[in-house]
Amino acid sequence: MTDQTAAELITRRIDQPLSSGEQADLDDHFAHCERTQNFSELITRIQACLEKYRSPEGLEQPGAGLDAITKERLQRRLLEVLTANLELRQVAEDPSTYTSDEKDKED
Amino acid sequence: MDPQNWVSRYGDQLYNYAVARLGNHHLAEEVVQEALLDAVRSMAKFKGQSTEKTWLFGILKFKIADHYRRQWKLKRPLSLSDEANPEERLFDGNGKWIEDAFGGTLGNLELSELWQVVQRCLHALPRNQACVFVLSVLEEKKREDICNELAISAANLSVRLHRARLGLAKCVAEQWPM
């Protein structure tokens, strides 16, 4: 088995189990190829890292977070849409509120 | 539902989640904003079957997947033979590791530090490989769904995922000498 084929098996086995023959061939290859062992260990560590951090329900996502200015802008925009939505709902429930508002604006 | 406090309560988590998948701060901000605004507009549809946080993340996940779907369709993907193939930089003509590939043993790595390196390397991958990797590995979408959405075969997806993993490992190894 070449190193290239071993690498293919190593990445494939993350998503689907290898056949017993493929696994045995890979184990044989590991026995005499340190680079392939190193590659396999790195792939395993990367996969563990991805599994740990990919879920929003798992650990808090490490990272810088939003900066204060963006947060403020986002908050303002959210409140604008929230207010507009509430007004629309109010109008839907009581159409007279729309008429009176419009009259106020016209006056 | 407490939309007035969404930004302070979940803003950082939503943003960090998005930037890890999109690799671009402005794009991540944009997608988080879109997700929160969509959430406000569709609050009436929230049935309370999940937590507020899970619901918001669900909307964000949809937005991220949608971004990748649109990008894939907008920019015609390269064929597999034209796409950058990390195998060419890792193996010689006989399928042997080239001299400097994975030659040393791994040192101790903090998982949180590794995560920062992985994110940088993920977004240095060719666009098509990053796309299938994010959808499959980070978003955990089913392979059949990815193939249907991107109109690619299962074999094509497997090759791109393999190349993405190889490219990622090569980049991580280079940034974190063994």
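In which kind of crossing, left-handed or right-handed, does helix 1 of chain A pass helix 2 of chain A? The crossing is left-handed. The model behind this answer is predicted.

## Two chains of helices

Start with chain A. It has five helices and zero strands. Read from the N terminus, its elements run α-α-α-α-α. Chain A holds 107 residues, and 32% of them count as buried.

Now chain B. Its secondary structure comes to eight helices and zero strands. Along the sequence the pattern is α-α-α-α-α-α-α-α. Chain B has 178 residues, of which 52% are buried. Its C-alpha trace spans about 60 × 40 × 25 Å along the principal axes.

## Contacts along the sequence

In chain B, look at contacts between residues at least 6 apart in sequence. Here 73% join residues at least 24 apart.

## Where helix 1 meets helix 2 in chain A

The axes of helix 1 and helix 2 of chain A come within 10 Å. They cross at roughly 125°.

Which residues of the two helices make the contact? Helix 1 of chain A supplies A:Asp3, A:Ala6, A:Leu9, A:Ile10, A:Arg12 and A:Arg13. Helix 2 of chain A supplies A:Glu22, A:Gln23, A:Leu26, A:His29 and A:Phe30. By class, the contact has five nonpolar, two polar and four charged residues.

## Helix 3 of chain A

Helix 3 of chain A covers residues 34-53, which is 20 residues. At 1.5 Å a residue, helix 3 should span 28 Å.

Which residues of helix 3 of chain A are buried? They are A:Thr36, A:Asn38, A:Phe39, A:Ser40, A:Leu42, A:Ile43, A:Ile46, A:Gln47, A:Cys49, A:Leu50 and A:Tyr53. An α-helix has 3.6 residues a turn, so residues three or four places apart point the same way.

What covers these buried residues? From chain A, the cover includes helix 1 (3-15) and helix 2 (20-32). From chain B, it includes helix 1 (6-22), helix 5 (111-122), helix 6 (127-138) and helix 8 (154-175).

Methods:
Residues are numbered from 1 along each chain as its sequence is written. Chains are lettered from A and ligands numbered from 1 in the order in which they are written. This is a predicted model: local features need pLDDT of at least 70, side-chain atom pairs count only at pLDDT 80 or more; totals for chains, interfaces and linings use all residues. Side-chain values use heavy atoms; hydrogens and water are left out. Helices (H or I, at least four residues) and strands (E, at least two) are DSSP runs, numbered from the N terminus. The expected span of a helix is 1.5 Å times one less than its number of residues. Buried means under 20% relative accessible area, exposed over 50%, partly exposed in between (1.4 Å probe, protein chains only). Contact means heavy atoms within 4.5 Å. Axes are lines fitted to C-alpha atoms, for helices over the stretch in contact, and angles run from 0 to 180 degrees between N-to-C directions. A crossing is left-handed if the near helix is turned anticlockwise from the far one by less than a right angle, and right-handed if clockwise. Ala, Val, Leu, Ile, Met, Phe, Trp, Tyr, Cys and Pro count as nonpolar, Asp, Glu, Lys and Arg as charged, and the others, Gly among them, as polar.
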